[in-house]
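Here is a friendly note to go with your first look at this structure. Please keep the model open beside the text as you read.

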Amino acid sequence: MDDTRYMQTALELAARGIGSVEPNPAVGCVIVKDDRIIGQGFHERFGGPHAEINALADCRKNGGDPAGSTMFVTLEPCCHVGKTGPCTDAVIAAGIARVVVAVGDPFREVAGRGVDLLRRAGIAVDIGLCGRQALVLNAPFFKYARTGRPWVIAKWAQSADAFLASKAHRWISCEASRLDVHRLRCRCQAILVGVQTAIADDPLLTVRLPEGQWDRQPVRIILDSNLRIPDDRQVLDTAQAKTLLVITAGTLQRQGRRVTQLAARGVEILAVPEDNGRCDLDRLLQELGRRGVEQLLVEGGPGALTEFLGRDMVDEVRIYVAPAELAAQGTVKATSVMRSLADPDRLVYGTVLNLDCDRCIAGLLREPPGE
């Protein structure tokens, strides 16, 4: 039996859940008997059945019997009751003879207990096959489970000559790139911009996809140390999504009346300590982690992006590069640290994806830590 080939299939299945399962991990599962796949599945949506359950259901739907088979799964099966029941119970009840696990689950309620339960039930368990690939696939989940801090993605669009904005065009990137950004937003529990971007661009910062209404909008976060945001900005309308304004503790004292007015509109205010006149980003990330934000998307502007990058708080970048050179039409230039990252060779697992006429450069800023 070619274990690696079957685990690779499970990893490919797992990747299909990215953008729908967060903050859960993306997991794939393949059931093999007599060197033939008799069932397969992946975790398809947050709150839905896990990969093992879907693979077992697929097996039975096709008339297969999982008893005595080998299960390949990209993450240790869960053994606790959450939004669904324990997968270990279903695996044991199905009579699976062997389970091959790519990587252990760092979540405190699993963390080796799933493997122990399977072994105590007489199931042979092997762990570690394609483990690095599985770890990279779910790097945000692993970071959050181990540190309690969000995985931070820095995203921006720029012209070929590194301008971020144009006098003549509302968008630098093409429609395919903008659609990709909305899919990226689906992964995240929060989207952050600096107040200058909120003032200049008046973004809505919601997920808008042609496939239908997205039912879990990320929290919109505005870094606004001195509470400068005008009352008419779209992000202050909380009918579509929650909004969190991050200010300093000093601003809270000075502008108590405006804070009360904004709160009456449904806007939440978070006061953090001051750090050289700005909001303390380290404290902010701690608080967002405490609130369950596993992935944070930092969308701009250059000041906020550079501050996160300069403090080594970014884990992943997504850069959309349009082919046009704006020259005299350009109004905002990418900073030197941003320009230096528009090269896949500078990134870990760097890739280039062609999106219509644009290029999307993506990758990690460091190797994810091992188990």
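The numbered points below go through the sheets, the helices on them, and some side chains.

1. A word on the basis. This is a predicted model, in which local features need pLDDT of at least 70 and side-chain atom pairs count only at pLDDT 80 or more, while totals for chains, interfaces and linings use all residues. Residues are numbered from 1 along each chain as its sequence is written, and side-chain values use heavy atoms, with hydrogens and water left out.

2. Start with the open sheet of five strands, whose order is S2-S1-S3-S4-S5 with mixed pairing. Strands and helices here are DSSP runs numbered from the N terminus (helices are H or I with at least four residues, strands E with at least two), and two strands pair if DSSP finds at least two bridges between them. S2 and strand S5 (124-127) are the edges; each has a single partner strand, so one side of each is left without a neighbour in the sheet. On average, neighbouring strands of this sheet are turned by 15 degrees against each other, direction ignored. Angles come from axes, lines fitted to C-alpha atoms (for helices over the stretch in contact), and run from 0 to 180 degrees between N-to-C directions.

3. Within this sheet, look at strand S4 (residues 98-101), which runs parallel to S5 and is joined to it by four bridges. Val99 has Val125 in S5 as its bridge partner.

4. Next comes helix H2 (residues 51-61). Which of its residues are buried? They are Ala51, Glu52, Asn54, Ala55, Leu56, Asp58 and Cys59, where buried means under 20% relative accessible area, exposed over 50%, and partly exposed in between (1.4 Å probe, protein chains only). An α-helix has 3.6 residues a turn, so residues three or four places apart point the same way. The buried residues of H2 pack against strands S1 (28-33), S2 (36-42) and S3 (70-73), and also against helix H3 (87-93); contact means heavy atoms within 4.5 Å. After H2 comes Gly63, with a positive phi near 80 degrees.

5. Now move to the open sheet of nine strands, again with mixed pairing, in the order S11-S10-S9-S8-S14-S6-S15-S18-S17. Strand S11 (268-272) and strand S17 (348-355) are its edge strands, each pairing on one side only. From one strand to the next, the twist averages 20 degrees. Strand S8 (residues 190-194) and strand S14 (residues 295-300) are parallel partners over four bridges, and Leu192 stands opposite Val298 in S14.

6. Two helices to find on this sheet are H7 and H12. Helix H7 (residues 175-187) touches strand S6 (151-158), S8, S14, strand S15 (316-321), S17 and strand S18 (358-364), and its direction makes about 165 degrees with that of S15. Helix H12 (residues 302-310) touches S6, S8, strand S9 (219-223), S14 and S15, with a direction at about 130 degrees to that of S14.

7. Leu288 deserves a click. Leu288 lies in helix H11 (residues 281-290) and is buried, at 1% relative accessible area. Leaving aside residues up to four places away in sequence, Leu288 touches Pro150, Ile221, Leu244, Val293 and Leu296.

8. How many aromatic pairs does the structure hold? There are two, counting rings of Phe, Tyr and Trp (its six-membered ring) with centres within 6.5 Å; planes under 30 degrees apart count as stacked, over 60 as edge-to-face and the rest as tilted. The rings of Tyr6 and Phe72 are tilted, because their planes meet at 40 degrees, with centres 5.5 Å apart. This pair links distant parts of the chain, from Tyr6 in helix H1 (residues 3-15) to Phe72 in strand S3, 66 residues apart. Tyr6 is buried at 2% relative accessible area, and Phe72 is buried at 0%. The rings of Phe141 and Phe142 have centres 5.8 Å apart and planes at 85 degrees, so they are edge-to-face.

9. Charges over rings come next. The charged end of Arg5 sits over the ring of Tyr6, 4.6 Å from its centre, and that of Lys333 sits over the ring of Phe163, 4.4 Å from its centre. The rule asks for NZ of Lys or CZ of Arg within 6 Å of the ring centre and within 35 degrees of the ring normal.

10. Last, the cysteines. With a disulfide defined as a pair of cysteine sulfur atoms within 2.5 Å, the count is zero.
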